Amino acid sequence: MPSPTPFATAAQTLRHRLTTALRTRGGGGHEGPSRWTSPGHQERPNGYLFNRPPPPPGQSRKWEDWELPCYVTSFLTIVILGVGLNAKPDLTIETWAHQKAVERLEAQKSE
């Protein structure tokens, strides 16, 4: 039997390590709490978006600390980009060539 190539040996080693890592982390076959979650976390979704139940009727959801700065920054970014990109000068080669052609036509008419 010919000796395996270095590439085949490396592939076999990598496959072996990945399958053993997936077996130990995959959660298949063991009972009890998962080592990747802390107490109070659910293993399966409960049917609500982001696992957060809706507030009682008549009450609004309380904003988290990051929401207001994120929304304000996003809005200002859109406004600044919208104004800035619409106000930028037109420096394309087509515009320059068109202006030069118009200048040459006017120069020919005046001669």
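1. Accessible area is computed by the Shrake-Rupley method with a 1.4 Å probe. On that basis, the protein chain of this predicted model exposes about 11,000 Å². Carbon and sulfur atoms supply 63% of that area. Of the 111 residues in the chain, buried ones make up 2%.

2. On confidence: the chain has a mean pLDDT of 82, and 75% of its residues reach 70 or more. Helix α2 has the highest confidence, with a mean of 96, while helix α1 (residues 6-25) has the lowest, with a mean of 76.

3. On secondary structure: there are three helices and zero strands. Along the sequence the pattern reads α-α-α.

4. Three salt bridges turn up in a search of the whole structure. Side chains of opposite charge can pair when their charged atoms come close. R52 has a relative accessible area of 37% and E64 one of 38%, so each falls between the 20% and 50% cut-offs and counts as partly exposed.

5. E67 forms a salt bridge with R61, and here the closest N and O atoms are 2.9 Å apart. Are the two partners buried or exposed? E67 has a relative accessible area of 3%; buried means under 20%, so E67 is buried. R61, at 38%, is partly exposed.

6. K100 and E103 also meet in a salt bridge, at 3.8 Å from N to O. Both belong to helix α3 (residues 93-110) and are three residues apart, about one turn of the helix. K100 is partly exposed at 33%, as is E103 at 45%.

7. The search of the whole structure finds one aromatic pair. The ring centres of W63 and Y71 are 5.4 Å apart and the planes stand at 80°; since angles over 60 degrees count as edge-to-face, that is the class of this pair. W63 is partly exposed, with a relative accessible area of 46%, and Y71 is partly exposed at 41%.

8. Which residues make the nonpolar surface patch of about 1,000 Å²? W63 and Y71 are among them, together with W66, L68, V72, F75, L76, V79, I80 and V83. L76 is placed in helix α2 (residues 67-87). Its relative accessible area is 44%, so L76 is partly exposed.

Terms used: Residues numbered from 1 in each chain as written. Heavy atoms only, no water. Phe/Tyr/Trp six-rings, centres within 6.5 Å; stacked < 30°, edge-to-face > 60°. Buried < 20%, exposed > 50% of the residue type's maximum accessible area, 1.4 Å probe, protein only. Patch = residues over 30% accessible without salt bridge, like charges linked within 9 Å, V, L, I, M, F, W, Y side chains within 5 Å. Salt bridge = Lys/Arg side-chain N within 4 Å of Asp/Glu carboxyl O. Helix = DSSP H or I, 4+ residues; strand = E, 2+ residues; numbered from the N terminus. pLDDT = per-residue confidence, 0-100.
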